[in-house]
Amino acid sequence: MDDRWRIWAPMLVIAAVVAGSTALYVSRKSASHPKPNLAQEARLDLTSRNFRPLSTSLEALLADKGYEPVPTQTFSLFRQQAPDFTLKDSSGKPWSLHEHLKAGPVLLVFYYGYHCNHCVSQLFALNDDLAKFSELGVEVVAVSADPVETTRERFRQYGPFKFPVLSDPGNEVAKKYETYLPHPTPGKEGDLLHGTFVITRQGKLMWANRGDGPFTENRTLLHEFAKYEGRLR
Amino acid sequence: MSAVAGLILLCHLSTAAEPRVAFSVKDGWVELVMKQDGKPVADAVVLIHDDRGQSFGEGQTDENGEATFPQPRGESFVVEIKSGSEMADPVRLLNVESGVEPSRVLLSYGLRACCRFKDEGGEAVLVPLTRWTPAPTLVPGESNRWMWLVGGVVVFIAVGGLAACARRR
């Protein structure tokens with residue numbers, strides 16, 4: 001055997017061992033990394049946004065003349081009939097907007113899905129203040145492209161929300177409400193927005209907020225619904 | 001992890017208070033008051049278009065954040081507001097019996113979306129848009145210090161081997 005190989009062969013063996021053990025270490029480390037607790041992270045996101053559940057009674061909140069609600073953003077469907085849709089809820093049952101509007105106004109929320117902290121945090125905020133929305137006769141409903149199975153799995157992991165969470169495969173309904181902006185090139189993924197819409201019992205869209213972050217000012221939403229329900233003094 | 005940090009940073013930036021604009025109508029004139037964080041926004045450029053998209057008027061807000069213009073006829077009209085170098089999304093106002101609707105508006109800018117939506121094998125995946133992804137860090141940190149050490153040992157062995165080989169020759 002060539003003298004050079006007497007030196008190079010052990011070197012190559014050492015290098016292979018080092019590379020192999022490094023790869024093993026990295027793969028084990030990533031495998032043992034704990035999965036994030038999304039519910040906990042969503043709560044932290046709400047804290048960072050200074051969200052606090054409303055502790056005052058609905059009557060007192062609506063009577064406060066000093067409160068200035070967040071104005072609506074401009075949007076193309078303002079004062080128009082809300083686009084109707086039927087989607088499956090987390091139990092797989094169909095949920096129709098027009099059916100539920102017969103019972104009262106609807107708060108429609110588009111969230112990114114149960115994937116990251118800010119994606120889902122608004123749902124936790126609404127869950128906290130749900131009793132006040134119910135007191136006004138408002139039904140809260142949340143929509144994302146998460147498949148029914150994913151929502152069900154997250155509910156099993158972290159507990160369910162007290163309002164319907166619907167699956168909008170392909171973001172077809174989100175497109176109608178302009179919270180999903182299809183890519184101009186066919187076949188490429190579009191862009192998502194958070195969206196919050198106040199729909200009166202007449203089915204009219206009267207207030208909207210869309211953007212990069214979730215809308216967590218529930219007091220504004222209660223104020224808007226109270227206005228259209230004739231509950232503001 | 002860096003993508004998540006970028007997302008969080010962006011979302012915090014986006015929660016900075018956008019300007020609010022109030023509209024009221026008196027004697028056929030529309031009064032606009034623009035405020036940001038409760039303070040009047042002066043010298044904002046206001047462009048008005050009628051419902052056919054024709055330019056109707058142009059002006060600026062005064063030191064009180066106010067601007068006044070005649071109420072355009074028709075079903076609706078559009079107001080565009082530029083403050084500093086930023087042009088807000090156009091505001092479409094409807095002429096109604098009581099004045100104009102909406103009477104208060106939260107200005108938005110571009111309504112840029114946060115993420116791209118991707119479906120990978122039935123699982124929804126959010127892909128942050130490129131501009132929000134911070135550059136990868138090259139500074140040895142807690143997690144990659146071990147890798148740097150291993151790399152150093154490998155280089156040391158390789159250099160040592162080459163030196164030994166050269167000496168034998």
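Predicted model: local features only at pLDDT ≥ 70, side-chain atom pairs only at ≥ 80, totals over all residues.

Visitor: Then where does Glu178(A) lie?

Guide: Glu178(A) is found in the loop between α8 (172-176) and β6 (180-181) of chain A. Its phi is positive, about 60°, although the residue is not a glycine.

Visitor: Is Glu178(A) exposed, or only partly exposed, and why?

Guide: Glu178(A) counts as partly exposed because its relative accessibility is 28%.

Visitor: Moving to helices, at what angle do α2 and α5 of chain A cross?

Guide: The axes of helix α2 (residues 38-48) and helix α5 (residues 117-128), both of chain A, cross at roughly 80° and come within 8 Å. Therefore α2(A) is roughly perpendicular to α5(A).

Visitor: Which residues of α2(A) and α5(A) meet?

Guide: From α2(A), the residues are Ala39(A), Glu41(A), Ala42(A), Arg43(A), Asp45(A) and Leu46(A). They meet Asn117(A), His118(A), Val120(A), Ser121(A), Phe124(A), Ala125(A) and Asp128(A) in α5(A). By class, this contact of α2(A) with α5(A) comprises 6 nonpolar, 3 polar and 4 charged residues.

Visitor: And which residues of α2(A) are buried?

Guide: The buried residues of α2(A) are Leu38(A), Ala39(A), Ala42(A), Asp45(A) and Leu46(A). These residues lie on the same side of α2(A), because they cover an arc of only 115° around the axis. They pack against α5 and α7 (148-158) of chain A. The face of α2(A) turned away from this buried side carries the exposed residues Gln40(A) and Leu44(A).

Visitor: What about the ends of α2(A)?

Guide: At the start of α2(A), a side-chain oxygen of Asn37(A) reaches to within 3.2 Å of the backbone nitrogen of Ala39(A). Just after α2(A), Asn50(A) takes a positive phi of about 60°.

Visitor: You mentioned α7(A). Which of its residues are buried?

Guide: In α7(A), the buried residues are Val148(A), Thr150(A), Thr151(A), Arg154(A) and Phe155(A). Their arc around the axis is only 165°, so they are on the same side of α7(A). Glu149(A) and Arg156(A), on the other side of α7(A), are exposed. Just after α7(A) comes Gly159(A), with a positive phi of about 95°.

Visitor: Switching to chain B: where is Asp43(B) found?

Guide: Asp43(B) is in the loop between β3 (39-40) and β4 (45-50) of chain B. Although Asp43(B) is not a glycine, its phi is positive, about 60°. Asp43(B) counts as exposed because its relative accessibility is 53%.

Visitor: Which peptide bond is cis?

Guide: The bond from Glu101(B) to Pro102(B) is cis, with omega near -5°. Pro102(B) lies in the loop between β10 (99-101) and β11 (104-106) of chain B.

Visitor: Last one: what does Ser83(B) touch?

Guide: Leaving aside residues up to four places away in sequence, Ser83(B) touches Met34(B), Val41(B) and Ala44(B). Ser83(B) lies in strand β7 (residues 76-83) of chain B. At 22% relative accessibility, Ser83(B) counts as partly exposed. Between Ser83(B) and Gln60(B), the separation is 23 residues in sequence and 9.6 Å in space, C-alpha to C-alpha.

How values were computed: Residues numbered from 1 in each chain as written. Chains lettered and ligands numbered in written order. Heavy atoms only, no water. Axes fitted to C-alpha atoms, helices over the stretch in contact; angles between N-to-C directions. Helix = DSSP H or I, 4+ residues; strand = E, 2+ residues; numbered from the N terminus. Parallel < 35°, antiparallel > 145°, perpendicular 65-115°, else oblique. Contact = heavy atoms within 4.5 Å. Nonpolar A, V, L, I, M, F, W, Y, C, P; charged D, E, K, R; others polar. Buried < 20%, exposed > 50% of the residue type's maximum accessible area, 1.4 Å probe, protein only. Arc of directions from axis to C-beta. Polar contact = N/O pair within 3.5 Å; in protein donor to acceptor, adjacent residues only side chain to side chain.
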